[in-house]
Amino acid sequence: MKNLFFNRDYICIHRGEKYYLMNRKTLQKFDLNGDSFEIIRYIHDNGLSKEDLQGLNSNLLSFVNYLQENQILVGDESKRGLYHIKDLRTRPHLLKIFLELTHRCNLKCKHCYTSSGMQGSDENELTTEEIKKMVDEAHELGIWHFDLTGGEPFVRDDIYEILEYMGEKGMIVNIFTNLTLLDEEKIERLRDLPVSQYNVSFDSHIGHIQDEFRGVKGAHQKTVENIKLMRDRGLTVQLNMVIGDHNFDTLDEMVSYIQDELGVHFTADVITPAGRGREYYDEYKYAKTIAYVNSLHFSENKRCLVKEMGDFEAPQQTHCGVGDNFIFVTANGNANLCPSLTYRESPELCVGNLRESSILEIWGKLIDKFGGVDCEVHDDCPEKEKCAGGCRSRAFAVTGSVNAPDMSYCIQYGVDSKCID
Ligand SMILES: C[S@@+](CC[C@H](N)C(=O)[O-])C[C@H]1O[C@@H](n2cnc3c(N)ncnc32)[C@H](O)[C@@H]1O
Ligand code: SF4
Ligand code: SF4
């Protein structure tokens, strides 16, 4: 009889030359070598019995003891993970599927890049079974990460079933949510689900500012109540703030409020000019806001920002992974370049539909068409080290080309992109 099993809280990853174990709750990583990966794979597939343990040499036994002491192996079979070995098979590596579960939403935010609202219908949405099939295929390809977004993911009645299934299949799942549709009972249910992080929209500590921006009275209060309930139950919440005219002047107070009253991590971004967010575009204002947002530095654990006041100096950018390591799937199954570069902006930004093609085919098409997409003068730009090429969505919104310079960044770095040969 087997009495040691691989703990479902972990996944074991083989990615190119690298092997590692990852805790799905804390996202803590442990490096492995190829041999230890294969040993874990064997235990994951077969379990270990007392007799197996007796036959192990001392090196193997101490490795197994280490795994047991760290709860990577457990004695309780109900905690066993069965789909938790991930051999990443895609080249280049497809690291994440960003999935819009629905286009429907209970709010109607002024800036929404998907232009979501209750006017949408669920008619053409991927069904529960279609989503499960996508998860199965992702697992076969060794993909372990889903980001779930919308619309509002919690308008779907099958959301718990989807989360459970993703959990069973060894996925790391993050959800983007406005958090207004939950209550204490629903939050209790979430405690058993393997969501690594809830990315919650938060626009202001002042109720009426957020309600006005989000288009529904009372939304702010519900969100704040639920943030506290989730925080108190140990669920990982990160606030996503979008910075614009509605909150720029009160940012300092907002940061203090989040740190003192809510005590959760937060991150900040500017409004992308897509969907209803197009209304807000102003290159110069953007440049200033981006510079400010970038002056909020990540702390060591990368889950919170440490604010640095002073000059808005243009700092080093990082690449978001567009055309490099993720696909964005809209609620109807279309596969697109990124959340704000979809078929809704232009049919050319969609590379197929997952109802008709496999993930592998779609990934091949995306890489053929958009692989390495970048600012076309990046290599010759005097600020090429600092600027990662800007945002392709902003470039597209202004020029109609995903390869154009992102003027908000050019302004910030003092670059005249027209003078670059
Ligand atoms: C599209 S929403 C979907 C999830 C959920 N309904 C929510 O609002 O949190 C995901 C995130 O994108 C942000 N967002 C929406 N439109 C945006 C835009 N034009 N620019 C930047 N962020 C935007 C939202 O504020 C939210 O944090
Ligand atoms: S940003 Fe989120 S909450 Fe607001 S309308 Fe869009 S999908 Fe809904
Ligand atoms: S031209 Fe503008 S967007 Fe392109 S790399 Fe230089 S600063 Fe960045």
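User: In which sense do strand 8 and strand 16 pair, and over how many bridges?

Analyst: Strands of a sheet pair through backbone hydrogen bonds, and the pairing is either parallel or antiparallel. In this predicted model, strand 8 (residues 96–100) and strand 16 (residues 326–329) are paired in the parallel sense, with four bridges.

User: Which residue in strand 16 does Phe-98 stand opposite?

Analyst: Phe-328 is the residue opposite Phe-98.

User: In what order do the strands of that open sheet come?

Analyst: The order 13-12-11-10-9-8-16-17-18 describes an open sheet of nine strands, and its pairing is mixed. The edges are taken by strand 13 (265–270) and strand 18 (350–353); each has a single partner strand, so one side of each lacks a neighbour in the sheet. From one strand to the next, the twist averages 25°.

User: What is the order of the open sheet of four strands, and which strands stand at its edges?

Analyst: That open sheet reads 4-3-2-7, again with mixed pairing. Strand 4 (29–32) and strand 7 (85–87) are at the edges, and because each has a single partner strand, one side of each has no neighbour in the sheet. On average, neighbouring strands here are turned by 20° against each other, direction ignored.

User: How do strand 2 and strand 7 run, and what is the bridge partner of His-14?

Analyst: Strand 2 (residues 10–15) and strand 7 run parallel and are joined by three bridges. The bridge partner of His-14 is Asp-87, in strand 7.

User: Which strands does helix 1 touch where it packs on the sheet?

Analyst: Helix 1 (residues 34–46) touches strand 2, strand 3 (18–23), strand 4 and strand 7. The direction of helix 1 makes about 135° with that of strand 2.

User: Turning to the ligands, which residues come nearest to ligand 1, and which strands supply its shell?

Analyst: Of the 19 residues around ligand 1, the nearest are Tyr-113, Phe-176, Ser-201, Thr-272 and Gly-277. Strand 10 (172–177) and strand 12 (237–243) each contribute at least two residues to that shell. The shell divides into seven nonpolar, ten polar and two charged residues.

User: Which residues are around ligand 2, and how do they divide?

Analyst: Among them are Cys-105, Cys-109, Cys-112, Lys-108, Glu-152 and Arg-214. The shell of ligand 2 has four nonpolar, five polar and three charged residues.

User: And which residues come nearest to ligand 3?

Analyst: Cys-375, Cys-381, Cys-387, Gly-390 and Cys-410 come nearest, out of 16 residues around ligand 3. The shell of ligand 3 divides into nine nonpolar, four polar and three charged residues.

Definitions and conventions:
Residues are numbered from 1 along each chain as its sequence is written. Chains are lettered from A and ligands numbered from 1 in the order in which they are written. This is a predicted model: local features need pLDDT of at least 70, side-chain atom pairs count only at pLDDT 80 or more; totals for chains, interfaces and linings use all residues. A residue is near a molecule or strand if its C-beta atom, placed from the backbone, lies within 6 Å of it. Ala, Val, Leu, Ile, Met, Phe, Trp, Tyr, Cys and Pro count as nonpolar, Asp, Glu, Lys and Arg as charged, and the others, Gly among them, as polar. Two strands pair if DSSP finds at least two bridges between them. Axes are lines fitted to C-alpha atoms, for helices over the stretch in contact, and angles run from 0 to 180 degrees between N-to-C directions. Two residues are in contact if their C-beta atoms, placed from the backbone, lie within 7 Å.
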